[in-house]
Amino acid sequence: MSETVMLEIEDLHATVQGKEILKGLSLKVGSGEVHAIMGPNGAGKSTTSYTLAGREGYDVTSGRVTFKGADLLALKPEERAAKGIFLAFQYPLEIPGVSTLTFLKTAVNAQAKLRGEPPLDAAQFLRVAREAAKMLNVSEDMLKRPLNVGFSGGEKKRNEVLQMALLKPSLAILDETDSGLDIDAMKLVAEGVNALRAPDRSFLVITHYQRLLDYIVPDYVHIFADGRIVRSGDKTLALRLEEQGYDALIGKAA
Amino acid sequence: MSQEAETLQELADQKYKYGFVTDIESEFAPKGLSEEVVRYISKKKNEPDWMLDWRLSAYRRWLTMTEPKWARVHYPPIDFQDAYYYAAPKPKDDTPKSLDEVDPELLKTYEKLGIPLTEQKMLSGVAVDAVFDSVSVVTTFKAKLEEVGVIFCPISEALVKHPELVRKYLGSVVPDTDNFYATLNSAVFSDGSFVYIPEGVRCPMELSTYFRINASKTGQFERTLIIADKGAYVSYLEGCTAPQRDENQLHAAVVELVALDNAEIKYSTVQNWYPGDENGRGGIYNFVTKRGDCRGVNSKISWTQVETGSAITWKYPSCVLRGDNSVGEFYSIAIANHYQQADTGTKMIHLGRNTKSRIISKGISAGLAQNTYRGLVRVHQKAAGARNFTQCDSLLLGSKCGAHTVPYIESRNPTAILEHEATTSKISDDQLFYCISRGIDTEEAVALIVNGFCREVLQQLPMEFAVEAQKLVGISLEGSVG
């Protein structure tokens with residue numbers, strides 16, 4: 001564990017439509033670390049990401065979340081974003097008629113406003129957007145097309161990474177970013193993520209499969225079951241999981 | 001009132017920022033409607049006799065007509081005797097000849113509305129005719145337009161200076177017998193803009209009229225007439241606002257457009273009359289007849305409207321495609337929030353051969369509002385090769401509003417090709433959360449998504465107004481998601 005703590009989740013309980021999904025989740029993520037979260041369907045992986053991002057309907061009943069020293073749960077979802085939380089969606093949404101550039105500029109400037117910083121003007125924004133797009137191999141054409149409309153699965157995920165590059169979060173949560181991607185698309189996305197790794201940026205990588213972790217190599221791997229972490233280890237835990245399956249490992253832990 | 005309640009009140013009032021009243025001395029016609037009032041208005045304008053006769057015949061006709069009831073709008077009966085049909089700021093001396101002579105109160109009013117009329121501050125490239133209640137107060141850039149032969153002036157002035165042009169075209173697109181509100185307008189119309197673009201002239205600037213209702217208990221009945229002679233081109237924009245009042249005020253305008261051979265008219269509207277409060281109190285009743293006649297071959301008329309205001313909107317800007325190869329377009333954004341009711345659409349009447357029309361309608365409903373698209377595409381027997389494409393998209397915000405689409409299609413020519421596409425959608429929670437998770441708050445997210453939904457139409461607006469219109473879309477929907 002590095003010296004500074006980015007995120008600390010303590011005994012978090014959360015319900016969705018009255019049903020308890022998170023049942024005592026605790027996790028500490030240091031600055032610059034990559035944590036992988038694996039687990040079977042219904043274990044609460046996506047609920048964790050939505051709860052951290054502050055989605056309506058994901059109600060915290062007890063526990064604490066400290067992010068960069070502040071009480072994360074006291075913040076509105078847009079304030080959490082401005083504070084540095086970024087959620088890369090499993091299924092990025094389409095917004096017809098709104099170009100990727102317009103969407104990104106709105107987001108970048110909305111966050112700047114919440115942080116009390118001056119907004120970027122059109123020219124400044126275009127410059128940084130083009131730089132980021134170039135670094136991530138995102139075409140100019142994709143920047144101009146309506147956000148995610150008619151994008152392939154790979155393009156959508158690359159667009160998520162592009163958003164991450166421009167919003168410069170402190171904690172990026174990747175919610176099953178590998179789902180629906182073929183191996184080439186996954187490699188491209190992983191390259192993008194790796195390019196954004198930095199000492200002051202942490203990642204929570206949620207995935208079903210070990211495969212993604214060959215490309216985004218985690219510092220820690222946690223296995224989720226029934227709303228909490230049941231086992232933690234280094235990257236070799238993911239490999240063992242791939243060999244032995246969830247039942248064997250979770251069974252051992254229980 | 002507590003501090004917090006006060007702040008909330010301020011915020012609520014801010015939503016319609018044009019709701020102020022200008023304190024200015026006005027002269028009114030006697031209250032109610034009668035032949036005397038019609039004569040009063042005509043006399044005020046120093047009109048020729050034929051104009052008075054035209055008005056009187058319209059008035060007599062109107063007395064025999066009944067209000068149309070087919071639209072999906074509901075409102076208590078209007079007492080037509082309980083309103084003023086003419087109100088004008090009292091002139092200090094005579095009609096102002098130059099800006100220096102315009103009452104500073106009026107200039108201040110337009111400045112507050114974001115329409116500066118003083119030469120230094122004018123929007124460059126846009127000439128403005130400012131209509132305040134029943135009269136035009138000032139028209140900018142007149143001299144510059146005259147250099148190329150463009151006539152842009154109040155219609156009352158055109159009646160005096162160019163009677164032959166007015167007489168030739170007035171009522172030639174919307175006859176004085178057309179419908180209840182158009183006939184009423186024909187009897188009592190007070191001012192509005194007149195535009196004539198001579199043969200072969202491309203109007204060098206955007207023309208614009210800004211309508212303002214100020215006086216209480218007063219209806220506004222403006223009449224606009226635009227003629228583009230052979231090969232001419234003009235782009236025209238109108239904007240409208242009114243003070244915030246508990247009463248309902250009537251606005252019954254008529255707009256006539258005539259495009260001769262190879263001429264093109266682009267007419268854009270940003271309608272932001274006071275919509276009433278969030279409980280449905282007050283607001284303008286907007287009953288408007290707008291029609292363009294593509295009279296010449298290869299002519300084109302394009303309507304673009306952004307309808308965000310008014311308690312009730314009843315409006316169907318239409319095109320009569322008379323000339324062969326003529327083109328009609330209708331691009332519309334209609335936003336209804338709270339208790340607003342909008343029943344709007346277009347008519348495309350294909351008479352000539354190879355005529356084309358295109359209809360793009362975007363309806364947005366929020367709160368308890370009802371929004372109806374009503375349209376007619378009619379292809380006459382002789383309109384061989386006629387072509388229409390219609391797209392009607394409705395967006396619903398919340399679960400208590402309504403969207404209705406009533407398209408009529410009549411084709412009497414087997415070679416016509418008509419297409420109609422329609423969609424109804426809601427802003428999903430997923431879309432909203434996606435935006436919010438990027439740091440965009442709910443209201444801005446709604447504005448962003450709605451602007452995306454309307455993009456095809458917003459793109460049709462002249463640059464100078466597109467940005468304003470986008471902001472207006474956001475403001476109109478404030479408080480629609482909670």
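Analyst: A term first: a helix crossing is left-handed if the near helix is turned anticlockwise from the far one by less than a right angle, and right-handed if clockwise. This is a predicted model, in which local features need pLDDT of at least 70 and side-chain atom pairs count only at pLDDT 80 or more, while totals for chains, interfaces and linings use all residues. Residues are numbered from 1 along each chain as its sequence is written, and chains are lettered from A and ligands numbered from 1 in the order in which they are written.

User: OK. What is the hand of the crossing of helix 3 and helix 8 in chain B?

Analyst: Helix 3 and helix 8 of chain B cross in the left-handed sense. Helices and strands here are DSSP runs numbered from the N terminus (helices H or I, at least four residues; strands E, at least two).

User: At what angle do those two pack, and how far apart are their axes?

Analyst: The angle between helix 3 and helix 8 of chain B is about 145°, and their axes are 7 Å apart. Axes are lines fitted to C-alpha atoms, for helices over the stretch in contact, and angles run from 0 to 180 degrees between N-to-C directions.

User: Which residues make that contact?

Analyst: Helix 3 of chain B brings B:Arg55, B:Ala58, B:Tyr59, B:Arg61 and B:Trp62, and helix 8 of chain B brings B:Thr183, B:Leu184, B:Ser186 and B:Ala187. Contact means C-beta atoms, placed from the backbone, within 7 Å.

User: Is helix 8 of chain B largely enclosed or largely open?

Analyst: Largely enclosed by the rest of the structure, because eight of its nine residues (180-188) are buried. Buried means 20 or more other C-beta atoms within 10 Å of the residue's own, exposed means 12 or fewer, and partly exposed is in between, with C-beta atoms placed from the backbone. Among the buried ones in helix 8 of chain B are B:Tyr181, B:Asn185 and B:Val188.

User: What covers them?

Analyst: The cover for the buried residues of helix 8 includes helix 2 (35-44), helix 3 (49-63), strand 8 (223-228), strand 11 (254-259) and strand 13 (283-294), each in chain B.

User: Switching to B:Phe221. Where is that found?

Analyst: B:Phe221 sits in the loop between strand 7 (206-212) and strand 8 of chain B. B:Phe221 counts as buried, because it has 24 C-beta neighbours inside 10 Å.

User: And what does B:Phe221 touch?

Analyst: Leaving out residues up to four places away in sequence, B:Phe221 touches B:Tyr85, B:Asn185, B:Val188, B:Phe189, B:Ser190, B:Ala252 and B:Ala253.

User: I also marked B:Asn46. What is its phi?

Analyst: B:Asn46 has a positive phi of about 50°, although it is not a glycine. Most residues other than glycine have a negative phi.

User: Where is B:Asn46, then? Buried or exposed?

Analyst: B:Asn46 lies in the loop between helix 2 and helix 3 of chain B. B:Asn46 is exposed, with 11 other C-beta atoms within 10 Å.

User: What about B:His338, buried or exposed?

Analyst: B:His338 counts as buried, with 21 C-beta neighbours inside 10 Å. Phi of B:His338 is also positive, near 50°, and B:His338 is in the loop between strand 17 (327-336) and strand 18 (341-350) of chain B.

User: Last topic: how many residues does each chain give to the contact between chain A and chain B?

Analyst: Chain B gives 16 residues and chain A gives 21 residues. On the side of chain B, helix 9 (429-436) and helix 10 each supply at least two residues.

Methods
Two residues are in contact if their C-beta atoms, placed from the backbone, lie within 7 Å.
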